[in-house]
Amino acid sequence: MTMTEPSGRAPAPGPLRLVQEFVNTLDAEEGRDLLADPATFSAWLGERGLADTGPPPGDRDLAAAVELREALRALLRVNCGAAPDPRASALVNRMSAEVPVRVEVGSDGAATLRGSGFLATVLAAAGTAMLDGSWARLKACAGPECEWAFYDRSRNRSGLWCDMAVCGSRHKVRAYRSRQRGTLSP
Ligand SMILES: [Zn+2]
């Protein structure tokens with residue numbers, strides 16, 4: 001399963017890629033939301049081998065998935081310099097108290113977080129990245145109309161835009177205009 005990144009950036013490594021792809025089920029710019037109906041969500045899960053054997057996702061599953069997705073996006077905004085959103089961390093904490101995430105220790109003594117079911121799998125992937133430090137590189141683009149999740153491989157982790165040529169230059173234009181109007185740039 002390859003993912004097209006708008007800037008040609010490489011996707012996030014390991015299980016964190018699932019979090020990235022999940023957050024990017026919403027493409028705000030294109031107005032595409034794969035969680036808008038159960039059929040597209042099911043297809044998305046199926047492509048990743050994550051479809052449960054039980055009934056297809058219902059309205060409540062969709063609503064929970066959207067809640068988690070947007071809480072994760074809020075956490076990824078923080079990785080791009082936004083102020084922490086206590087509601088986002090509270091939602092993640094509440095959800096992970098409700099779904100089974102477990103520690104699995106291999107014969108080599110290495111521990112892995114694993115989840116049963118889709119939400120738990122995403123939470124386990126996010127938790128693993130938070131513990132190993134790779135989380136800080138996954139960011140929600142600072143473009144207010146974009147917020148696409150991208151993985152910042154730059155040495156000093158200074159990236160703010162999914163694509164400098166698109167969201168970065170838009171920001172420059174906005175900043176320039178607001179300076180011309182004599183107002184502070186947003
Ligand atoms: Zn962007």
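This is a predicted model: local features need pLDDT of at least 70, side-chain atom pairs count only at pLDDT 80 or more; totals for chains, interfaces and linings use all residues.
In which sense, left-handed or right-handed, does H1 cross H5? H1 passes H5 in a left-handed crossing, where left-handed means that the near helix is turned anticlockwise from the far one by less than a right angle, and right-handed that it is turned clockwise.

Residues are numbered from 1 along each chain as its sequence is written, and side-chain values use heavy atoms, with hydrogens and water left out.

Helices here are DSSP runs (H or I, at least four residues), numbered from the N terminus. Helix H1 (residues 16–23) and H5 pack with their axes 8 Å apart, at an angle of about 120°; axes are lines fitted to C-alpha atoms, for helices over the stretch in contact, and angles run from 0 to 180 degrees between N-to-C directions. H1 and H5 are therefore oblique to each other, given that angles under 35 degrees count as roughly parallel, over 145 as roughly antiparallel, 65 to 115 as roughly perpendicular and the rest as oblique. On the H1 side, Leu-16, Leu-18, Val-19 and Phe-22 make the contact, meeting residues of H5 that include Phe-118, Val-122 and Ala-126, where contact means heavy atoms within 4.5 Å. By class, this contact of H1 with H5 has nine nonpolar, one polar and no charged residues; Ala, Val, Leu, Ile, Met, Phe, Trp, Tyr, Cys and Pro count as nonpolar, Asp, Glu, Lys and Arg as charged, and the others, Gly among them, as polar.

Let me turn to the other partner of H5. The axes of helix H3 (residues 59–78) and helix H5 (residues 118–132) come within 11 Å and cross at roughly 15°, and that makes H3 roughly parallel to H5. The crossing of H3 and H5 is left-handed. Among the residues that meet here are Leu-68 and Leu-72 in H3, and Leu-123 and Met-130 in H5, and the contact of H3 with H5 has 10 nonpolar, no polar and no charged residues.

H3 also packs against helix H4 (residues 86–98), their axes coming within 8 Å and crossing at roughly 135°, so H3 and H4 are oblique to each other. H3 passes H4 in a left-handed crossing. Glu-67 in H3 and Arg-94 in H4 are among the residues in this contact, which by class has nine nonpolar, one polar and two charged residues.

Note on methods
Helices (H or I, at least four residues) and strands (E, at least two) are DSSP runs, numbered from the N terminus.
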